Amino acid sequence: MTRLHAENLTLAYDQRTVATDLGVAIPDGSFTVIVGPNACGKSTLLKALARMLKPVTGAVYLDGSAIAEYRSKEVARRLGLLPQTSIAPSGITVGDLVARGRYPHQRLLRQWSGEDEAVVTESMRRTGVLDLSGRLVDELSGGQRQRVWLAMVLAQQTSILLLDEPTTFLDIAHQVEVLDLCADLHEDEGHTLVAVLHDLNQACRYATHLIVMRPGGEVVAEGDPAVVITAELVDDVFGLPCRIIDDPETGTPLVVPLRRSRSGREPAARAGAATGNR
Ligand SMILES: Nc1ncnc2c1ncn2[C@@H]1O[C@H](COP(=O)(O)OP(=O)(O)OP(=O)(O)O)[C@@H](O)[C@H]1O
Ligand SMILES: [Mg+2]
């Protein structure tokens with residue numbers, strides 16, 4: 001069994017059931033990417049995996065025990081979550097917010113240490129926000145703020161990281177920077193990463209394990225992106241007619257949406273459209 005897995009989950013908010021009979025196992029040391037249409041339950045699943053949402057039935061297991069049985073600090077030392085949206089306490093500086101990532105490592109008799117300081121500085125350096133350290137979080141741009149939250153999660157120094165749309169608000173260069181950083185954490189430091197992404201092409205480039213969800217919180221396919229991503233699956237799950245070609249840079253699947261015909265949703269017939277199809 002893997003360090004982080006879930007069995008028979010029913011996930012719901014009050015009256016709204018988001019998923020039933022959902023099981024997932026996050027391969028240890030993987031860079032797992034979850035994709036799926038809006039509102040299909042990706043964030044809900046991540047919240048359940050991080051113990052931010054209590055399942056109605058079923059359980060999440062972390063390192064062999066039900067996650068519900070751990071003390072909160074213990075969960076936070078093993079697993080970090082970057083939620084899809086977070087609100088910073090008003091008036092807090094970047095440096096102080098990132099420092100909050102060290103909270104799970106603080107003990108009654110060992111308060112702030114030089115090591116904490118070094119980890120916070122390094123986390124801000126890796127996410128490119130060191131220069132913003134003294135600025136108020138309220139006054140940052142969306143992309144700057146996103147990288148500050150990521151720095152806070154890094155400062156937590158957990159070997160499992162759950163990142164809900166870590167590239168939101170980022171320009172294309174910063175998106176690649178953040179995904180490269182995730183790849184480094186996975187490849188060089190052996191961390192297990194789980195990220196929700198909307199860009200299927202980035203998902204295929206970076207994921208060692210891809211999970212495709214559909215509305216109802218159902219996992220429709222999972223595995224190596226090169227095997228999982230087909231034109232049929234993308235049309236079935238997203239309702240998007242496309243063809244799949246090889247990414248010229250990495251050889252991973254590249255999803256190319258078909259052009260709409262004037263008459264409606266049917267793709268325009270195009271000479272040679274099949275060339276290079278997987
Ligand atoms: N706090 C909440 N209270 C009630 N319903 C919620 C809550 N959060 C999410 N939902 C509902 O649960 C369903 C799944 O939402 P979730 O946020 O998991 O989707 P998602 O796959 O992450 O979507 P997106 O791609 O838009 O982020 C949606 O129908 C949503 O409206
Ligand atoms: Mg979401």
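Me: Two strands pair if DSSP finds at least two bridges between them. In the hairpin of S4 and S5, which residue takes a positive phi?

Reply: The model is predicted. S4 and S5 pair in the antiparallel sense over two bridges, and Leu 62 has Ser 65 in S5 as its bridge partner. The hairpin has two residues between these strands. A positive phi near 50° is taken there by Asp 63.

Me: Which strands are the edge strands of the open sheet?

Reply: Four strands, paired antiparallel, form the open sheet in the order S2-S1-S4-S5. Each edge strand pairs on one side only. The edge strands are S2 (16-26) and S5 (65-66).

Me: Over how many bridges do S1 and S4 pair?

Reply: Strand S1 covers residues 4-13 and strand S4 residues 57-62. Leu 4 stands opposite Leu 62 in S4, and Thr 10 has Thr 57 in S4 as its bridge partner. S1 and S4 pair in the antiparallel sense, and the number of bridges is five.

Me: What angle does the direction of helix H1 make with that of S1?

Reply: Helix H1 spans residues 42-49 and packs on the sheet. The strands touched by H1 are S1, S2 and S4. Between the directions of H1 and S1 the angle is about 120°.

Me: Leaving aside neighbours within four places in sequence, which residues is Leu 49 in contact with?

Reply: Leu 49 falls in helix H1, residues 42-49. Contact here requires C-beta atoms within 7 Å. With neighbours within four places in sequence left aside, the contacts of Leu 49 are Leu 4, Ala 6, Val 60 and Leu 162.

Me: Which element gives the most to the side of domain 1 that touches domain 2?

Reply: The chain is divided into domain 1 (4-229) and domain 2 (238-278), with 31 Å between their centres over C-alpha atoms. Eight residues from domain 1 and eight residues from domain 2 make the contact. On the side of domain 1, the elements giving two or more residues are helix H7 (200-206) and helix H8 (225-228). The element that gives the most, with four residues, is H7.

Me: How many nonpolar residues does that side of domain 1 have?

Reply: The side of domain 1 that touches domain 2 has one polar and one charged residue. The number of nonpolar residues there is six.

Notes:
Residues numbered from 1 in each chain as written. Chains lettered and ligands numbered in written order. Predicted model: local features only at pLDDT ≥ 70, side-chain atom pairs only at ≥ 80, totals over all residues. Contact = placed C-beta atoms within 7 Å. Axes fitted to C-alpha atoms, helices over the stretch in contact; angles between N-to-C directions. Domains from an automatic or database assignment. Nonpolar A, V, L, I, M, F, W, Y, C, P; charged D, E, K, R; others polar.
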